[in-house]
Amino acid sequence: AAMGEHLLFVNNRMEIIREFLEAMEGFGCGYEIDATDSGTEAVKLLEEKKYKVVVTGINLSTYGGAKLIEYLNQNLPHTVCIVYTRRIEPAYLKLLVNERRVFRIFQKPTDYKTLYEAIQDGFSYYGSEEAKRQERKGMDQEIQKRLEACQELQETLKPRAEEKEELMAFMQGMLGA
């Protein structure tokens, strides 16, 4: 995988974390994976490092998955978020789909191959969105440059307009004489 393909896996059960890490190793994924069973710890990690994809459970101790997803939405809106949880309330599912930027939602047991494919999709989605953002930034800079060029042109023309007025006044004075 390319440099800086960081993945954060958050789950309240250590055995799930171990299974996940083993599975990812088995698929030969080249991502750098950090894993934690604590939501608070997850936020700390997110503040220190740039993760492109976060896979989180909902039932986390200390700082719940719901709060973690909200934190991502508010502070790291470009990070791709995948939910992997044991059970999910239909009402909450609706919230995730409608109001939170969640890329995919899986309920356990989901085989790790499916999860791995979703993670790969997440990384390529991040990449294409990043490319679009760069393109927009480039276009914005181009527009800014052109605006500045126009302003410069106006500044250059301004004295000439004043000169023209002076000339007109002079000519009118001459004609009046």
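Predicted model: local features only at pLDDT ≥ 70, side-chain atom pairs only at ≥ 80, totals over all residues.
Local features need pLDDT of at least 70 and side-chain atom pairs count only at pLDDT 80 or more, while totals for chains, interfaces and linings use all residues. Residues are numbered from 1 along each chain as its sequence is written, and side-chain values use heavy atoms, with hydrogens and water left out.

Let's start with helix 2 (residues 39-48) and helix 3 (residues 65-75), which pack at an angle of about 15° with their axes 10 Å apart. Helices here are DSSP runs of H or I with at least four residues, strands are E runs of at least two, and both are numbered from the N terminus. Axes are lines fitted to C-alpha atoms, for helices over the stretch in contact, and angles run from 0 to 180 degrees between N-to-C directions. The angle makes helix 2 roughly parallel to helix 3; angles under 35 degrees count as roughly parallel, over 145 as roughly antiparallel, 65 to 115 as roughly perpendicular and the rest as oblique. On the helix 2 side, Gly39, Ala42, Val43, Leu46 and Glu47 make the contact, and helix 3 brings Leu68, Tyr71 and Leu72 (contact means heavy atoms within 4.5 Å). By class, this contact of helix 2 with helix 3 has 6 nonpolar, 1 polar and 1 charged residues. Ala, Val, Leu, Ile, Met, Phe, Trp, Tyr, Cys and Pro count as nonpolar, Asp, Glu, Lys and Arg as charged, and the others, Gly among them, as polar.

Next, look at helix 1 (residues 14-26), which packs against helix 5 at an angle of about 70°, with the axes 10 Å apart. That makes helix 1 roughly perpendicular to helix 5. Ile16, Glu19, Phe20, Ala23 and Met24 of helix 1 meet Tyr112, Leu115, Tyr116 and Ile119 of helix 5. These residues divide into 8 nonpolar, no polar and 1 charged.

Pro109 sits in the loop between strand 5 (104-107) and helix 5. A cis peptide bond joins Lys108 to Pro109, with omega about -5°.

Lys108 turns up again in the lining of the largest cavity, alongside Asn11, Asn12, Gly57, Ile58, Asn59, Leu60, Thr85 and Arg86. This cavity holds about 50 Å³ of space, and its lining has 2 nonpolar, 5 polar and 2 charged residues.

The largest pocket has a volume of about 200 Å³. On a 1 Å grid over the protein atoms alone, a cavity is a set of points where a 1.4 Å probe fits but cannot get out, and a pocket is an open set with protein on both sides within 12 Å along at least five of seven lines; lining residues have an atom within 4 Å of a point. Grid points are joined across faces, edges and corners, and a volume is the space filled by probe spheres set on the points. Helix 5 gives the most to the pocket lining, with 3 residues.
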